Structures are given as structure tokens and as C-alpha cells.
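Below are some notes for a colleague who has the sequence and the coordinates to hand. They begin with the overall fold and then turn to the core and to a few individual residues.

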Amino acid sequence: MAFSAGGGSGPKSDMNVVPLIDILLVLLIIFMVTAPTPASLINVTLPQRMRNPPPPPPTEPPPPVKLQILSSGEILINGTPAPLSTLEDQFADITQVRTQVLKPEEQPKLEIEVDAEAEYEVLAKVLARAKNAQMEKIAFVDQVAQ
């Protein structure tokens, strides 16, 4: 057991590691606090690739439904008079709302032609009934000058 009493020996050249350890501990705490916490696992079902996918069946769009609103307030569907009270039922039959709603690409287009003197209220009621029957494709047809 050799101890030096402090006499006779020169300056001590040992490195003081206490401040270095203090700095390393502070850095460790900083990195632990700022590290992102692991996120909870989310189960995702990814689509699987099919080797020979079946070709999509060719679909031809159904013929459009032509609706005319005359200046007298009369409504014609494909040339046949239709009262406003039964219009929503006819639209529901077209979109098959009672059985299953057709996809927008399978629904026929509703082409509305309105006389210039027709009242807006009739058009608004027709559009409301078409919306209630879940019709997606509605178009307005300009009258061609003859």
C-alpha cells in the first residue's frame, strides 16, 4: 500500500473525468427524452396481387332518361306525361333504390330540358325528387334554335 504524502513528486497529470461523465449523463437524458416513442401497431390488410385477374366485363351505359318541363308546368319523361307526385317513385325505379342503389356509372343520365317560360319552382321540385331518389348523373340540355 503505497500512498504519496504529497511531497517530492511533481505535478499530477491524471485527467479529471467527473465533468466528462456529467456531460455524458446530461446528453443521455436529453436523447432519451427527445427519442420518439414507439407507435402503437396498426393492422393493415393490403390487397394481394392476383396472377390472372379477370378482365372487367364491358358495360354499356344505359340510355339517358329525357325529362322535359314545359312552360305550362307539365312534366314529360321520355315523351310520356308524368305527374309531379309520382316523379320520385319513377326516379327510384330508375336508380333501383328499393332493391339496391346502382353505382353512378351504372345509372342512366337524367337529361333535363326546360322551356324558357317554365317556372323555376317546378324545376326545383324535380331536382329535389331526383336527389331523394339518389340520382347521381343529371344534365341540362340546351334547346337548339330551329
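1. Overall make-up. The secondary structure of the protein chain comes to three helices and five strands, and please keep in mind throughout that this is a predicted model. Read from the N terminus on, the elements follow the order α-β-β-β-α-β-α-β.

2. Of the 146 residues in the protein chain, 16% are buried, while the chain exposes about 12,300 Å², of which carbon and sulfur atoms supply 59%. Among the contacts with a separation of 6 or more, 67% are made by residues 24 or more positions apart.

3. The largest nonpolar core. Which residues touch the most other members of this core? Of its 17 residues, they are Leu67, Ile69, Leu87, Phe91, Leu110, Ile112 and Val126. At least two core residues come from each of strand E1 (65-69), strand E2 (75-77), helix H2 (87-95), strand E4 (110-114) and helix H3 (120-132), and H3 provides the largest share, namely four residues. As general background, nonpolar side chains tend to be buried together in soluble globular proteins.

4. Gln48. The loop between helix H1 (18-34) and E1 holds Gln48, which counts as exposed because its relative accessibility is 69%, where the class requires over 50%. A polar atom of the Gln48 side chain lies 3.3 Å from the backbone oxygen of Leu46.

5. Thr59. Thr59 is likewise found in the loop between H1 and E1, and at 69% relative accessibility Thr59 counts as exposed. How far apart are Thr59 and Glu106 in sequence and in space? The two residues are 47 residues apart in sequence, and their C-alpha atoms are 8.2 Å apart in space.

Notes. Residues numbered from 1 in each chain as written. Predicted model: local features only at pLDDT ≥ 70, side-chain atom pairs only at ≥ 80, totals over all residues. Heavy atoms only, no water. Core = buried A, V, L, I, M, F, W, Y, C linked by side-chain atoms within 4.5 Å. Buried < 20%, exposed > 50% of the residue type's maximum accessible area, 1.4 Å probe, protein only. Polar contact = N/O pair within 3.5 Å; in protein donor to acceptor, adjacent residues only side chain to side chain. Contact = heavy atoms within 4.5 Å. Areas by Shrake-Rupley, 256 points an atom, 1.4 Å probe, with all protein chains shown as cover.
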